Amino acid sequence: MQSYTMERKQDSTRDDSHMEDSRYHIGFLRHTTQLLSRYGIETHGIVPVPAEERLETRWYQLFFVWFSSCMNLLAFSTGAAGPAFFSLGVRDSIAIIVIVDLVCCLLPGFFAVFGPKLGMRAMVQARFSWGYFGAIIPTVLNVFSLEGFLILNCIIGGQTIASLSSQLDDTLGIVILGIVSLVITFCGYRVIHWYESVAWIPNVIAFIAMLAVGYPQLCENLSAPVPPATLANVMSFASFLTSNIIGWCPMIPDYGVHHSPDASSARIFIYTYLGFFVSNVTGQALGAAFAAAAPSVPAWNAGFDDSSSVGGLLHSVLLPTGAFGEILTALAALSISSACAPTIYTFSNSFMAIATWFAVVPRWVYILISEGILIPVAIVGAKRFYTTFIDILNIVGYWSSVFSAIILTEHMLFRRASFSEDQYPITTWASYDFLPSGIPAVVAFVCACGALVPFMSQAWYVGPVARQGSGDVGVFVGFVVGAITYALARIFEKILYKRIGKADPY
């Protein structure tokens with residue numbers, strides 16, 4: 001009986017896969033996709049990659065894809081928020097950065113293992129805890145969140161390009177960066193990995209040059225008096241940093257689906273953990289140091305433009321190096337596409353995973369849609385950078401923390417931390433009859449989101465607990481409540497299935 005059931009699952013999946021492929025190429029979309037494929041452009045959809053087709057053995061790419069994505073002005077901006085937005089001193093900011101990154105980078109390392117081991121995109125893999133229909137919730141949220149990330153990245157790049165000359169503005173920079181990111185993403189998985197293996201180089205050179213030029217001013221600022229850090233600001237900054245790291249989790253598995261599962265889970269984890277930790281600690285600590293010192297250095301402060309232009313701060317610090325500094329600033333701005341390209345790529349994957357009919361449309365169409373949304377919204381958002389920055393990252397962090405808690409709890413407690421076919425029957429990925437109900441995940445998500453609301457502290461809403469001086473700890477509350485509630489709901493569901501004599505499909 002069990003073998004018959006598995007045969008049905010496999011037959012169903014083969015039918016679904018072929019059906020998706022045939023519907024995927026219709027009319028104009030079919031001809032265009034075939035043409036792109038002939039030129040080496042990736043046209044693979046969201047069908048899981050079979051183990052025999054996961055042949056890439058350059059596992060070090062799992063380090064560089066995240067090292068490059070974070071070793072740029074986005075991490076610099078995140079660290080700069082400590083002094084610029086949360087009124088923290090440089091010592092307090094860096095201490096919080098190190099502690100938070102040490103702990104929070106564990107989650108991306110955990111999620112990275114799913115890609116090579118299962119060959120499934122993040123939002124497809126989510127169906128094994130959220131169910132076929134329940135997974136629509138995080139998938140839709142991921143689409144909006146990724147576009148928000150993309151907008152932030154392009155704002156930073158646009159500001160940096162605009163700082164090079166008074167003849168340039170944010171708008172031109174945003175358009176240039178959007179086009180560069182579009183070209184890289186269009187080519188697909190392997191080109192993205194190749195690009196990420198070199199994109200970090202100009203940023204590392206720029207950061208070293210900044211340290212060499214600004215070292216005397218940074219040392220002087222260490223002894224400058226700063227107001228005592230409040231609990232609210234410390235916790236809010238820690239929450240902000242956590243949101244920045246956790247926000248990557250719903251996209252990380254996408255960049256290992258073509259890598260061989262032969263590597264140990266520990267190896268994949270270490271590559272990813274180090275990629276995130278080294279890049280974020282370095283970039284964020286530099287951002288905090290230079291943002292804290294900017295008010296005492298007139299040229300830097302003018303470039304920082306009242307804490308609204310991180311690109312301007314970078315350019316003003318590098319000005320004494322002349323043409324070399326101009327080149328580094330331009331390269332640092334353009335290399336922000338190292339964060340934009342993976343974001344657009346997963347945006348398209350997530351859009352396709354929302355529902356069956358969305359998968360009919362090829363990835364390249366969603367890439368163009370993302371680009372069409374990006375440019376006008378980024379141009380408007382650039383006018384109030386840090387308010388936009390904090391709001392988007394925190395909101396992403398709220399739902400991502402709950403999502404991560406549910407995936408982690410399901411894998412560790414109910415699938416015995418195993419990636420075997422018994423625990424993850426990959427052939428059922430598109431068959432809602434053979435996937436979990438998703439009810440425990442939805443219940444846990446609703447409960448966790450309700451629980452974190454009183455702990456929120458945003459420009460547009462401050463919860464009653466946050467008003468008492470706790471700061472914004474909604475991300476942490478959401479993670480804990482999500483994990484506990486999901487575990488209890490899943491146990492209850494298993495007991496209920498047993499009592500009514502219904503087979504547990506997972």
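Helix α17 passes α18 in a right-handed crossing, a crossing being right-handed if the near helix is turned clockwise from the far one by less than a right angle, and left-handed if anticlockwise. The model is a predicted one, in which local features need pLDDT of at least 70 and side-chain atom pairs count only at pLDDT 80 or more, while totals for chains, interfaces and linings use all residues. Residues are numbered from 1 along each chain as its sequence is written, and side-chain values use heavy atoms, with hydrogens and water left out.

Helix α17 covers residues 310–318 and packs against α18 at an angle of about 155 degrees, with the axes 9 Å apart. Such axes are lines fitted to C-alpha atoms, for helices over the stretch in contact, and the angles run from 0 to 180 degrees between N-to-C directions. Because angles over 145 degrees count as roughly antiparallel (under 35 as roughly parallel, 65 to 115 as roughly perpendicular and the rest as oblique), α17 and α18 are roughly antiparallel to each other. Helices here are DSSP runs of H or I with at least four residues, strands are runs of E with at least two, and both are numbered from the N terminus.

Helix α18 (residues 323–334) also holds Phe324, which is partly exposed at a relative accessible area of 44%; buried means under 20%, exposed means over 50%, and partly exposed lies in between, with a 1.4 Å probe and protein chains only. Phe324 belongs to a nonpolar surface patch together with Val191, Trp194, Val198, Ile201 and Ile205, and the accessible area of these residues together is about 520 Å². Helices α12 (189–196) and α13 (200–222) each supply at least two residues of this patch. Patches are made of residues with over 30% relative accessible area and no salt bridge, nonpolar side chains (Val, Leu, Ile, Met, Phe, Trp, Tyr) being joined within 5 Å and like charges within 9 Å. Accessible areas come from the Shrake-Rupley method with a 1.4 Å probe, and for residues only the protein chains shown count as cover.

**Salt bridges**

A search of the whole structure finds three salt bridges, each defined as a side-chain nitrogen of Lys or Arg within 4 Å of a carboxyl oxygen of Asp or Glu.

| Pair | N to O distance |
|---|---|
| Glu56 and Arg58 | 2.8 Å |
| Arg415 and Glu410 | 2.9 Å |
| Arg490 and Glu410 | 2.9 Å |

Glu410, Arg415 and Arg490 are linked in a network of salt bridges.

**Two residues with positive phi**

Ser87, which is not a glycine, has a positive phi near 55 degrees; Ser87 sits in the loop between α4 (73–86) and α5 (90–104) and is partly exposed at 47% relative accessibility. Arg416, likewise not a glycine, has a positive phi of about 55 degrees. The loop between α21 and α22 (439–452) contains Arg416, and this residue is exposed, with a relative accessible area of 64%.
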